[in-house]
Amino acid sequence: MLNTTPPPQWAEKGVEVEPFKTAITVGFDRSAPFVAYALILLVLGGLYYKFFCRYLCPLGAAMALGGKLRVLDWLPRRSECGQPCQTCRHRCAYDAIEKSGAIRYERCFQCLDCVGIYHDPGRCAPIMLMHKKDKARNAS
């Protein structure tokens, strides 16, 4: 029987290039290439929200692949999402919601902020508009 498990040395080498070891575990007390790599990722993380998680992390890659291979649109949307409401799109830190209101699942990290907005009568514009119309109708 063939053993396909990678040797432990691979994991040891993988940990060495992982930037959090340099930044957090050893407090940048490493050789210059490791420190430069960690600093570059910190700068990129400041420019692009969760840069490492979105573009370099294996778990992030698996989530993006899962988004591309999905069968169902599992996050709820209203007909008003995107037309005219843009609340979720503007609040999505991952830029995973298009102007049309459609969710790009390959960019979505399942933070569920849009679902929270969708169900919150104080943040969801279509619900707020519906409540405002109901109040106006009841007042007249």
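This is a predicted model: local features need pLDDT of at least 70, side-chain atom pairs count only at pLDDT 80 or more; totals for chains, interfaces and linings use all residues.
**A tour from surface to core**

Residues are numbered from 1 along each chain as its sequence is written, and side-chain values use heavy atoms, with hydrogens and water left out.

Switch to cartoon. The chain shows eight helices and zero strands (DSSP runs numbered from the N terminus: H or I of at least four residues for helices, E of at least two for strands). Draw the box along the principal axes: the C-alpha atoms fill roughly 75 × 45 × 20 Å.

Colour by burial. Of the 140 residues, 25% count as buried (under 20% relative accessible area, 1.4 Å probe, protein chains only).

Next, select Leu 75, Ile 97, Ile 103 and Cys 114. In the largest nonpolar core, which has 13 residues, these four touch the most other members. Such a core is a set of buried Ala, Val, Leu, Ile, Met, Phe, Trp, Tyr and Cys residues joined through side-chain atoms within 4.5 Å. Helix H7 (residues 113-119) gives the largest share of this core, three residues.

Zoom in on Cys 114, in helix H7. Cys 114 is buried, at 12% relative accessible area. Leaving out residues up to four places away in sequence, Cys 114 touches Leu 75, Arg 77, Cys 88, Ile 97 and Ile 103 (contact: heavy atoms within 4.5 Å).

Finally, pick Ser 31. The C-alpha atoms of Ser 31 and Cys 114 are 42 Å apart.

Note on methods. Buried means under 20% relative accessible area, exposed over 50%, partly exposed in between (1.4 Å probe, protein chains only).
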